[in-house]
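This report describes a protein chain through its core, its helices and its aromatic pairs. The sequence and the structure follow.

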Amino acid sequence: MNNKQVTRIVLTALFAALAFVATYIIRVPTVGTNGYVNIGDTIVLLCAWMIGGVYGGLAAGIGSALSDLAGGYGPYIPGTFVIKFFMAVIAYLIFAALKKANVN
């Protein structure tokens with residue numbers, strides 16, 4: 001395992017923890033849905049832009065899903081993981097396409 005791989009794994013773990021904290025600690029309950037509004041999506045997008053690709057998606061999905069687990073929203077864990085994973089991957093693909101378009 002080289003330095004680049006270790007750095008990516010460490011960043012993935014760090015951003016998963018940041019996504020968990022931003023989603024779990026800072027939340028405002030919504031009336032009528034038993035859900036909540038949070039700022040975790042900002043970290044999901046940071047995962048996409050800072051790490052990118054699958055690793056960014058894993059960090060976003062794991063951190064957000066762990067927040068559901070800790071918050072007592074067990075049935076939503078698989079959906080949250082998939083949604084946040086793809087949200088980060090798609091955001092990365094958009095970012096990469098815009099970056100490539102601006103270079104030319």
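In soluble globular proteins, nonpolar side chains tend to be buried together. With neighbours within four places in sequence left aside, C47 is in contact (heavy atoms within 4.5 Å) with F15, G52, G56, A59 and A60.

The model is predicted: local features need pLDDT of at least 70 and side-chain atom pairs count only at pLDDT 80 or more, while totals for chains, interfaces and linings use all residues. Residues are numbered from 1 along each chain as its sequence is written, and side-chain values use heavy atoms, with hydrogens and water left out.

The protein chain holds four helices and two strands, in the order α-β-β-α-α-α from the N terminus on. These elements are DSSP runs numbered from the N terminus, helices being H or I of at least four residues and strands E of at least two. The C-alpha trace spans about 50 × 35 × 20 Å along its principal axes. Of the 104 residues, 31% count as buried, where buried means under 20% relative accessible area, exposed over 50% and partly exposed in between (1.4 Å probe, protein chains only). Among contacts between residues at least 6 apart in sequence, 61% join residues at least 24 apart. The accessible surface, computed by the Shrake-Rupley method with a 1.4 Å probe, comes to about 6600 Å², and 72% of that belongs to carbon and sulfur atoms.

Two helices can be set against their expected span, which is 1.5 Å times one less than the number of residues.

| Helix | Residues in helix | Span, first to last C-alpha | Expected span |
|---|---|---|---|
| α3 | 19 residues | 27 Å | 27 Å |
| α4 | 27 residues | 39 Å | 39 Å |

In α3, the buried residues are G53, G56, G57, A59, A60, G61, G63, S64, A65, S67 and D68. Their cover includes α1, β2 (36-38), α2 and α4. Just after α3, G72 takes a positive phi of about 85°.

Helix α4 covers residues 77-103. Its buried residues include T80, K84, F85, A88, V89 and A91, and the buried residues of α4 pack against α2 (40-50) and α3 (53-71).

## Aromatic pairs

The structure holds five aromatic pairs. Rings of Phe, Tyr and Trp (its six-membered ring) pair if their centres lie within 6.5 Å; planes under 30 degrees apart count as stacked, over 60 as edge-to-face and the rest as tilted. One of the pairs, W49 and F95, is tilted, at 6.4 Å centre to centre and 55° between the planes. This pair links distant parts of the chain, with W49 in helix α2 and F95 in helix α4, 46 residues apart. W49 counts as partly exposed because its relative accessibility is 41%, and F95 is likewise partly exposed, at 34%.

The pair of F85 and F86 is edge-to-face because the ring centres lie 5.2 Å apart with the planes at 85°. F85 is buried, at 16% relative accessibility, whereas F86 is partly exposed, at 46%. F81, F85 and F86 form one aromatic cluster.
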